[in-house]
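Me: I've got a new structure open and I'd like to talk it through. Can we keep it quick?

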Amino acid sequence: LLGGRTGFFVFRGPHHDRWIDNWFIAAHPGNPLIGKWSEDYSHYVTRLKKHPSTYFMMIYVLQWRLLREKALRLAFHASGGLPSVPAFFLQAYLEGKADAAPFVEAKAAGFPVSKLNWRLDMPEEELHARLDALGV
């Protein structure tokens with residue numbers, strides 16, 4: 001995995017306001033990106049007086065730290081990552097929002113993983129049949 005060489009891996013660029021996706025993170029023990037991110041998020045959460053209103057706050061906390069600290073920003077830019085958008089192609093197909101072609105192309109190109117939503121309203125037999133038809 002790309003994080004093996006750099007000590008940190010995330011899927012990147014899911015949307016214009018988010019530099020990363022945080023559903024799959026890999027890091028070596030003691031990685032400074034994870035350590036600072038954890039410290040900042042813990043500080044944010046312990047000061048809350050109510051439930052956070054921003055769903056992506058964990059991501060924004062990391063981005064804020066990267067903007068403020070050049071050494072971490074450089075480490076982040078040197079770290080491993082893949083574009084996150086192809087990881088959602090299979091989910092879009094299963095939800096009926098896209099055809100299978102983008103997923104098939106990403107899979108053929110060696111894209112390593114797809115993110116599936118556990119809330120997918122589809123009987124398990126149908127899910128297995130559709131995945132089998134795609135060779136997954």
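Me: Which helix is L67 in?
Reply: L67 sits in helix α3, which covers residues 57-68. Keep in mind that this is a predicted model.

Me: Ok, zooming out. How many helices and strands are there in the chain?
Reply: Seven helices and three strands. From the N terminus, the order is α-β-β-α-α-α-β-α-α-α.

Me: And what box do the C-alpha atoms fill?
Reply: Roughly 45 × 40 × 25 Å, along the principal axes.

Me: How much of the chain is buried?
Reply: Of its 136 residues, 29% count as buried. The chain exposes about 8800 Å², and carbon and sulfur atoms supply 58% of that.

Me: Take Q91. Buried or exposed?
Reply: Buried. Its relative accessibility is 7%, and the cut-off for buried is under 20%. Q91 belongs to helix α5, residues 89-94.

Me: What does Q91 touch?
Reply: Leaving out residues up to four places away in sequence, Q91 touches K115, L116, N117 and L120.

Me: What about contacts across the chain? How many of them link residues 24 or more positions apart?
Reply: Counting contacts with a separation of 6 or more, 65% are between residues 24 or more positions apart.

Me: Switching to H15. Where is it?
Reply: In strand β1, residues 8-15. H15 is partly exposed, at 40% relative accessible area. H15 and S84 are 69 residues apart in sequence, yet their C-alpha atoms are 9.1 Å apart in space.

Me: Now charges. How many salt bridges are there?
Reply: The count is six. One of the pairs is R18 with D17, with the closest N and O atoms 3.3 Å apart. R18 is buried at 12% relative accessibility, while D17 is partly exposed at 27%.

Me: Which residue does E69 pair with?
Reply: R65, at 2.5 Å from N to O. R65 is buried, with a relative accessible area of 13%. E69 is partly exposed, at 22%.

Me: And K97, buried or exposed?
Reply: Exposed, because its relative accessibility is 65% and exposed means over 50%. K97 forms a salt bridge with E95, at 3.3 Å between the closest N and O atoms.

Methods. Residues numbered from 1 in each chain as written. Predicted model: local features only at pLDDT ≥ 70, side-chain atom pairs only at ≥ 80, totals over all residues. Heavy atoms only, no water. Helix = DSSP H or I, 4+ residues; strand = E, 2+ residues; numbered from the N terminus. Buried < 20%, exposed > 50% of the residue type's maximum accessible area, 1.4 Å probe, protein only. Contact = heavy atoms within 4.5 Å. Areas by Shrake-Rupley, 256 points an atom, 1.4 Å probe, with all protein chains shown as cover. Salt bridge = Lys/Arg side-chain N within 4 Å of Asp/Glu carboxyl O.
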